[in-house]
Amino acid sequence: MADNEEELAERRIKIVLVGDSGAGKTSIALKFCNDEFSRQYSPTAGIDFFLKNLSLGIYKNVNLHLWDVSGLALRGNMLDKYVYEANIILLVYDVTNSSSFDILEEWIAEIRELSQDVDSMPMMAIVGNKCDMEHQRTVKRERSHRFAAENGFHYQDMSARTGESVSLCIVNLAAKSLGVRLTKSDQDFHRPIVTAEIGDSVDIPIVKNRKIVKRRPNKKQITIHHFRPNFPMSKSAACSLQ
Ligand SMILES: Nc1nc2c(ncn2[C@@H]2O[C@H](COP(=O)(O)OP(=O)(O)OP(=O)(O)O)[C@@H](O)[C@H]2O)c(=O)[nH]1
Ligand SMILES: [Mg+2]
């Protein structure tokens, strides 16, 4: 295959999201694929599918297939079909709910058993979702990082609500599974424009020294702009009140 054909050829990556009910798997998939978030909880029945096409490094036509598995699938009999031939598995827990973290052991044991006969294990990552609710965190960072390291998994905190780290994490893992390195400008492109209401206590990323926005009586919007490389700005991030 000529270089050009290789670059344009379709690449397919299967990403499976598992974890406890209510941990935020559907919210992560929705944020990543549609840039949407809903506060309303509608439990997933069985499984849902999401698709996103993007360009990753030299590969111009990468299809990311997200398999959004119900938290109830741990006790069901379909999990083997869901994780079959997965390239990446995201083990999602809610940083404000320790039982959602504890139950990851069971998901991992189940997935390991189901993957016994496969040639290569999928890439696994622990995802601590709802990090916008830092003030309600019940799972200590050291504990979750240690757990991921002991298992040889990647680790990422994220927020489906603000979009913090959602795209960057998924895209980085996908790039890794294709064996490509993302450039700095690719990485910047996948950083979200984070919009949060002052009035909620939100952990704002990127801003120097991980600043916490305090509660204030009047709700205003605070926006963190991650400027794309083409912008005529010398700084990579700026903060404005609207
Ligand atoms: N604050 C906050 N709430 C979130 C976040 N992600 C999800 N939620 C809320 O958590 C609830 C559950 O989210 P879902 O995405 O439906 O959870 P799920 O893991 O798909 O649950 P099942 O489908 O039952 O397995 C919803 O009310 C979401 O609005 C987040 O990052 N921050
Ligand atoms: Mg769901």
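Tutor: The following answers treat the sheet and then some residues. This is a predicted model, in which local features need pLDDT of at least 70 and side-chain atom pairs count only at pLDDT 80 or more, while totals for chains, interfaces and linings use all residues. Residues are numbered from 1 along each chain as its sequence is written, and chains are lettered from A and ligands numbered from 1 in the order in which they are written.

Student: In what order do the six strands stand in the open sheet?

Tutor: The order is β2-β3-β1-β4-β5-β6, with mixed pairing. Strands (E, at least two residues) and helices (H or I, at least four) are DSSP runs, numbered from the N terminus. Two strands pair if DSSP finds at least two bridges between them.

Student: Why is one side of β2 and of β6 left without a neighbour in the sheet?

Tutor: β2 (47-56) and β6 (154-157) are at the edges and have a single partner strand each, so one side of each lacks a neighbour in the sheet.

Student: Do tell me about β3. In which sense does β3 pair with β1, parallel or antiparallel?

Tutor: β1 (residues 11-19) and β3 (residues 59-69) pair in the parallel sense, over seven bridges. By contrast, β2 and β3 are antiparallel, with nine bridges. Leu66 in β3 has Ile15 opposite it, and Phe50 also stands opposite Leu66.

Student: How many residues lie between β2 and β3 in their hairpin?

Tutor: There are two, and Gly57 in the turn has a positive phi of about 60 degrees.

Student: Now Val62. Is that residue buried or exposed?

Tutor: Val62, in strand β3, counts as buried because it has 21 C-beta neighbours inside 10 Å. The cut-offs are 20 or more other C-beta atoms within 10 Å for buried, 12 or fewer for exposed, and partly exposed in between, with C-beta atoms placed from the backbone.

Student: How far apart are Val62 and Ala175 in space?

Tutor: They are 9.7 Å apart, C-alpha to C-alpha, although 113 residues separate them in sequence.

Student: A change of topic: which value does phi of Glu85 have?

Tutor: Phi of Glu85 is near 60 degrees, a positive value in a residue other than glycine. Glu85 is in the loop between α3 (79-83) and β4, and counts as exposed, with 8 C-beta neighbours inside 10 Å.

Student: And where is Ser165 found?

Tutor: Ser165 is in the loop between β6 and α7 (166-178). Its phi is positive too, near 65 degrees, but Ser165 is buried, with 22 other C-beta atoms within 10 Å.
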